[in-house]
Amino acid sequence: MAEKAKAPNGKLGVMVVGLGAVTTTFMTGVLMARKGLAKPVGSMTQYDKIRVGKGADKKYLHYKDIVPLADLNDIEFAAWDVYPANAYESALNAEVLKEKDIEPVKDELVKIKPIKAAFDKNYAKRLDGDNVKDCKTRWEMVEALREDIRKFKEESGVERVVVLWAASTEVYVPINEKVHYTLADLEKAMKDNDTENIAPSMCYAYAALKEGAPFIMGAPNTTVDIPAMWELAEQTKLPIAGKDFKTGQTLVKSGFAPIIGTRCLGLSGWFSTNILGNRDGLVLDEPANFRTKEVSKLSTLESILVPEDQPDLYGHGNDEDTQYYHKVRINYYPPRNDNKEGWDNIDIFGWMNYPMQIKINFLCRDSILAAPLCLDLVLLSDLAARAGRYGTQRFLSFFLKSPQHDYTQDEVPVNHLFQQYVMLKNAIREMGGYEADEEID
Ligand SMILES: NC(=O)c1ccc[n+]([C@@H]2O[C@H](COP(=O)([O-])OP(=O)(O)OC[C@H]3O[C@@H](n4cnc5c(N)ncnc54)[C@H](O)[C@@H]3O)[C@@H](O)[C@H]2O)c1
């Protein structure tokens, strides 16, 4: 049977890469919840109850009553950013939260001053901050970041650290077998300063794992989605998770597509478009950065509604007539700021191929949806490490748009929201010392 998680013994350091809209909303919410001034709505670790035991022994319990989760009061925050604004100033700039929801924790937020970033402008051309490390090579970046983590541990006295990437989406880095397939090649490329194949995010991930911290990729970057990083996670016996927070449109997609698939309805096209105006939208307005997001967003549907499995239902629609037409667009539109609006137009067909349409209009708040995912991913990665789990954490797919999977072995990722939920529940059960099971609740 899988290992039971050990109880924590001391504080949990949460080091976030990027101190923008998502991070400051996450931090402010945790600090406010600690004071009893806000509710962490949307967080599975704080609200969800799952069944453990069967028959007469069954009980429905919160996660914290099944597994030894870190307490919100035991979290210490730190962050890196390209811009020098502290967490309070950055929260105000982001305009996600109202001042009345930030002021009560101003003192704590002001103290979170961003550490200099490991940054390369070629990876996010639209950013222009000067709070940047002066490193000549990628290897120097790694060493400086490792030093940051050690220093934070020492100064804050935390027992454990988790590193979460909630920084901008980098330009798309295609997987290069000569660099990304083995740890030795990856390290060599870092030392040779191969800036084309080594994104700054890879330096953060490498540094985190070397310093004993699980690493979570919240953007669609392929950072830890490469065999070399799997090898490092295996060597260091640490969890990794990625990629891309599953917040708005993709959450709807991975929850809605199963309705079509389960009822064996046909799909001829799914068009998703968004408008958003925050800094994330600005960065994604750059085609090379959008490409990273597009690859991540497109992957969701294809593994739920599989053309090869059901050619009559999903094998028609696009130019080559081999699959439904699936398109995703993000449009930068400043007036909306963080309040993204997403439209989905779904062309389905039924009995005797008669067409029908479904329209979904989601007026969401990006960072409000992402913040609870940050909390859950951080707490569950820390828990997984204490349960001796390492490598890609498939049970965290529930929170991610484009779950990591071993593509070198043709492994297919699970994108179906309710199958992902079963994986999540079973992992919690196992880490609590119960058996995983196949019951429906
Ligand atoms: N909010 C959502 O719904 C959602 C969903 C999925 C993924 N994401 C991803 O989360 C990330 C954060 O989103 P956001 O809205 O907070 O963006 P943001 O632009 O407000 O914040 C990102 C911050 O990262 C900083 N940054 C960029 N490169 C850095 C580096 N190398 N080191 C340190 N800091 C760096 C930027 O200066 C910026 O302040 C984005 O990649 C976004 O695509 C967000």
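**Close-up views of a predicted model**

**View 1. What lines the ligand site.** In total, 36 residues surround the ligand, and the closest are Gly18, Gly20, Ala219, Thr247 and Arg279. Which helix gives the largest share of the shell? That's helix 14, with four residues.

**View 2. The ligand and the two domains.** Why does the shell around the ligand lie between domain 1 and domain 2? Both of them give residues to the shell, so it ends up between the two. For picking selections, domain 1 covers 12-245 + 367-431, while domain 2 covers 249-363.

**View 3. Strand 9 and its two partners.** Zoom in on strand 9 (residues 266-276), which is joined to strand 11 (residues 341-349) by nine bridges. That pair runs antiparallel, and one spot to look at is Thr273, whose bridge partner in strand 11 is Trp343. Strand 9 also pairs with strand 10 (residues 325-332), this time through eight bridges and in parallel. Over there, Gly269 of the model stands opposite Tyr325 in strand 10.

**View 4. A cis peptide bond.** Here's a backbone detail worth a look: the bond from Gly242 to Lys243 is cis, and its omega sits near 0°. Most peptide bonds are trans. Where does Lys243 lie? Look in the loop between strand 8 (239-242) and helix 10 (249-262).

**View 5. Asn193, with a positive phi.** Most residues other than glycine have a negative phi. Asn193 isn't a glycine, yet its phi is positive, near 55°. You'll find Asn193 in the loop that links helix 7 (183-191) and helix 8 (200-210). Buried, exposed or partly exposed? Asn193 counts as partly exposed because it has 15 C-beta neighbours inside 10 Å, and that class falls between the cut-offs of 12 or fewer for exposed and 20 or more for buried.

**View 6. Asn337, another asparagine with a positive phi.** Asn337 has a phi of about 50°, again positive in a residue that is not a glycine. Asn337 lies in the loop between strand 10 and strand 11. With 18 other C-beta atoms within 10 Å, Asn337 is partly exposed.

How values were computed
Residues are numbered from 1 along each chain as its sequence is written. This is a predicted model: local features need pLDDT of at least 70, side-chain atom pairs count only at pLDDT 80 or more; totals for chains, interfaces and linings use all residues. Two strands pair if DSSP finds at least two bridges between them. Helices (H or I, at least four residues) and strands (E, at least two) are DSSP runs, numbered from the N terminus. A residue is near a molecule or strand if its C-beta atom, placed from the backbone, lies within 6 Å of it. Domain bounds come from an automatic or database domain assignment.
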